[in-house]
Amino acid sequence: MLQSSLLALTFAALSAASPAPVPAPAPAPSPVPAPQVLSSAESIFSSATGAVASALPTILGNWPSLGDIEKKVGVKDGNDLQNVSASALLIPSYANFTGDNWNVRFYGLAYKLPNISTSDLDSLIDGLSTNNLNSTQRSLLQNRTQDLASIPIPKANLTALVFANGSAVTNSSGIQLATTDDVGEFDQFVPVPGLGGNTSSVKIVQTGIMNVTGPGNGTVLLVPSTGISVVSDIDDVMRITKVYVPNEGLNNSFAQPYVNVPGIPELFEHWNETLPGVAFHYDTTTPVELTRTYVDYLFNNFPVGSLEMRPINITQPSQILEARQNSLLKLFQTFPQRKFVLVGDSSSSTLLSAYPQIAQQFPNQIACIFIRNTSATDPDDKIPYSTKEFKNLSNNTWFFYRTADDLYNLNITNGQCRNDSVPQNVTFGEQGGILGNGSNGATGLVIGRAQYVAAVLGAVVAFAVSLL
């Protein structure tokens, strides 16, 4: 169904394009050459590739919905699993100091984990071929899909505990949290006394949920009121996912060990040691049920940080963008005196919108925006991306980088966000992808006009057909 939907989407874009010539956008800044007037076929290309690019979050995110999983298990929700014990997931979160106490964010999911056959686990991800998996890959797949098969408990009553330095801060009756929502999720701030005063560096405390079988434990960062927060996307920024190659992206997400983007662990550790009052906040559009897989990976490779996961039953690009905007807004409002370094990649259309928008809303809180240009370093990235949202930002605040080395020696604390040895050539429009990438990922016409149109149209259709 995914493949036919994408193919239909591609041909719909082709048929809907206007046959009349369309003028190109205004000439881009030097050294990008001024674009020529587009032919109707070139205009069709822009529409078709844009449609495919906008569909990418849905392609990689076409994992089973909550309804799909409940149907496979044969239940309506977690309350139907009477013989299965309740569990709770506490996602790593953060706390801010309010002047008297620390305001601790409790964020997670109440759920039950049903017994599912290994064959059902193997087939849970639509479009993921499992025929040639070895025993290690199949084990990874089943462990990750088992978590994905969690059945939420709606309207659950949960009680939380907080520990600091191995000792309980809360009394034995704990903290009564608000009941979970209709899909078992909870997200609230609670003032917690006994955690000390404000600090100049991040401190870590532990949290737990009472009366559940597991795991029910979590981590909270006590973040200073001032300092620098690094907010980073995970997929194709910290780990190699290849969301722009759908089948490979699914395989890397479920059946392969996670692999670091070269140099990023060292870069983040460098920032951890040199940025004042630094705190790390990680963000992904991976569903919340896979939190433990991501926590195990992150905490073994990167500085401890908070984590934002995709809420349950969010699949559409517009919903994903809204979720990312909301998580950024919560951070900026919770820490109004902190500066933020935002790290993303050019294959994430949601971040290419969300980061510039939050920067315009809170200009005094932006330290730097760093975007990894995946199309400049990976020839597999054939998807165009749009840089139009960056047009209204100061050129000194954003930088499209290729490798971690491009960022390592920047003096972020003193406002240095640019490495002048790396050309930018940002057009403030659609660029990259099949159009042809130079060393910096800039868009350019590299073949004759007729051959160009035929090549790109063929590539778009081939991309869709290849998913059949």
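Guide: In strand E13, Ser306 is the bridge partner of His281. Strands (E, at least two residues) and helices (H or I, at least four residues) are DSSP runs, numbered from the N terminus. This is a predicted model, in which local features need pLDDT of at least 70, side-chain atom pairs count only at pLDDT 80 or more, and totals for chains, interfaces and linings use all residues. Residues are numbered from 1 along each chain as its sequence is written, and side-chain values use heavy atoms, with hydrogens and water left out.

Visitor: Over how many bridges do E12 and E13 pair?

Guide: Two strands pair if DSSP finds at least two bridges between them. Here E12 (residues 279-287) pairs with E13 over four bridges, in the parallel sense.

Visitor: In what order do the six strands of the open sheet stand?

Guide: The order is E13-E12-E11-E14-E15-E17, with parallel pairing. E13 (306-310) and E17 (398-401) are the edge strands; each has a single partner strand, so one side of each lacks a neighbour in the sheet.

Visitor: How is a pair of packed helices described?

Guide: One gives the angle between their axes and the distance between the axes. Axes are lines fitted to C-alpha atoms, for helices over the stretch in contact, and angles run from 0 to 180 degrees between N-to-C directions. For H5 (residues 135-148) and H6 (residues 246-254), the axes come within 8 Å and cross at roughly 90°. H5 is therefore roughly perpendicular to H6 (65 to 115 degrees).

Visitor: Which residues of H5 meet H6?

Guide: Contact means heavy atoms within 4.5 Å. Leu140, Leu141, Arg144, Thr145 and Leu148 of H5 meet Asn252, Ser253 and Phe254 of H6.

How values were computed:
Angles under 35 degrees count as roughly parallel, over 145 as roughly antiparallel, 65 to 115 as roughly perpendicular and the rest as oblique.
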